[in-house]
Amino acid sequence: MLPRRSPPSTHRRRRPVESTWQHSVRTFWRRSAAPVSAQIREYLEGLFDVWSWPFLLGTGWYASKWGSAMLAAAAVVLLAWFAMDSRFEVSRTSLSVDVRSPYASSILDAHLTPADAGEFDQVVGRSIFTLQPRALRQAALGNPFVAKAEVRLQLPGEVKAVVDEAMPTLAWVTQHGTYVVNAAGIPRRIASQVASVPDEPTGFLTLFDWQGHAQLARAYAVDSRQSRLDPDLVATILAIRGSLLAAPGQPDELQTFHFTQAHGLNFVLPGRATRVVWGDSLHMERKLANLQGIWHWLESRELNAELIDVRPLSKPYYR
């Protein structure tokens, strides 16, 4: 049997009896003090809105935004001080650029210099806080002869860069100067000059083009004073050198090529007195097959040839 619940009470709680003094204070507050306090509160809020500079910023600022504005102003002043203080400027002695070359020394002084490695000389005299390591690294990698670059900034004003030089494909010797060239035919002029056209190796795979006929007709876009070597010709030279080295019974490494307007690309087989006239860079596979066929035929009959001309594709000849 469930317990019986008592019915809800209908008795009202009696309000405590307030004294005469309490009644007088409450009556005064309702009639005079409350409207006055509301007016004071509205006046103070309007005054604060005036000092929040809405006519300058377009929106009302409140107390929560003033702290952020003061912190931002302090940060701007601090950065300006850093940018103007000479203690944070990069000097010539605090700039370190280490260029690491992948090849041994040769007759040609073809090593990449720190001045050519990137835009590092332009940071001298600038505040270290205005420099970006990523931008300096990208500027160094924009050089086609730079394979890798690392840049570090160190307070108060030190810049340290390590640049790995890319291996040049070949050396291009002309009467206008000596260049090292990459696989795309982009040249970089070097300090060494060749007074004549020697046949001895320079330490690189070398193309002697004294008149400069192997260059493209259009000047190199980065530097209009320099011309670009035909990249198809560079690929042909590499293919000839690789194919002759891969063939059994071939002589030592082929290091020297020549280019003339009359004969185009030509070279002398190392260890032999036979000059091969190759011509242009077209029909490379067929010319290479003709060269290897003629050479094997001469070797089988123990014959010597002064010249092998593979320019006529259907009728190459030797003499």
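I take helices (H or I, at least four residues) and strands (E, at least two) as DSSP runs, numbered from the N terminus. I say that two strands pair if DSSP finds at least two bridges between them.

I am working on a predicted model, where local features need pLDDT of at least 70, side-chain atom pairs count only at pLDDT 80 or more, and totals for chains, interfaces and linings use all residues. I number residues from 1 along each chain as its sequence is written, and my side-chain values use heavy atoms, with hydrogens and water left out.

**Entry 1: the chain overall**

I looked up the secondary structure and found seven helices and 14 strands. I call a residue buried under 20% relative accessible area, exposed over 50%, and partly exposed in between (1.4 Å probe, protein chains only). By that rule, 34% of the 319 residues count as buried.

For area I used the Shrake-Rupley method with a 1.4 Å probe; for residues, only the protein chains shown count as cover. The chain exposes about 20900 Å². Carbon and sulfur atoms supply 56% of that area.

Contact here means heavy atoms within 4.5 Å. Among contacts in the chain with a separation of 6 or more, 52% come from residues 24 or more positions apart.

**Entry 2: the E4 hairpin**

I started with strand E4 (170-174) and strand E5 (177-181). E4 and E5 form a hairpin with two residues between them. Their pairing is antiparallel, over five bridges.

Is E4 covered or open? E4 is mostly covered, with five of its five residues buried. In a regular strand the side chains alternate between the two faces of the sheet. In E4, Leu170, Trp172 and Thr174 point one way, while Ala171 and Val173 point the other way, and all are buried.

**Entry 3: E10 and E11**

I moved to strand E10 (256-260) and strand E11 (264-268). They form a hairpin with three residues between them. Three bridges join the two strands, which run antiparallel. Phe259 has Leu265 in E11 as its bridge partner.

E11 is mostly covered too: four of its five residues are buried. I listed the contacts of Leu265, leaving aside its neighbours within four places in sequence. They include Leu207, Leu233, Ile237, Ile240, Phe257, Phe259, Val276 and Trp278. Thr236, His258, Val277 and Gly279 are also in contact with Leu265.

**Entry 4: nonpolar cores**

In soluble globular proteins, nonpolar side chains tend to be buried together. I define a nonpolar core as a set of buried Ala, Val, Leu, Ile, Met, Phe, Trp, Tyr and Cys residues joined through side-chain atoms within 4.5 Å.

Which residues have the most contacts inside the largest core? They are Leu170, Leu207, Leu229, Phe257, Leu265, Phe267 and Ile308, in a core of 29 residues. E4, E5, helix H6 (231-246), E10, E11, strand E12 (275-279) and H7 each supply at least two residues of this core. A second, separate core has 17 residues, among them Val99, Phe120, Ala140 and Val159.

**Entry 5: helix H7**

H7 (residues 284-300) has 17 residues. From first C-alpha to last I get 24 Å, close to the 24 Å expected at 1.5 Å a residue. That expected span is 1.5 Å times one less than the number of residues.

Which residues of H7 are buried? Lys287, Leu288, Asn290, Leu291, Ile294, Trp295 and Leu298 are. Seen down the axis of H7, the buried residues fall within an arc of 160°, so they line one face of the helix. I take the arc from the directions between the helix axis and the C-beta atoms. The face turned away from the buried side carries the exposed residues Glu285 and Ser300.

His283 is in the loop between E12 and H7. Its phi is near 55°, a positive value in a residue other than glycine. His283 counts as partly exposed, at 49% relative accessibility.

Glu302 follows H7 and has a positive phi, near 55°. Glu302 lies in the loop between H7 and strand E13 (307-309). It is exposed, with a relative accessible area of 74%.

Last, I looked up a cis peptide bond, which joins Leu155 and Pro156 with omega about 5°. Pro156 sits in the loop between strand E2 (146-154) and strand E3 (158-165).
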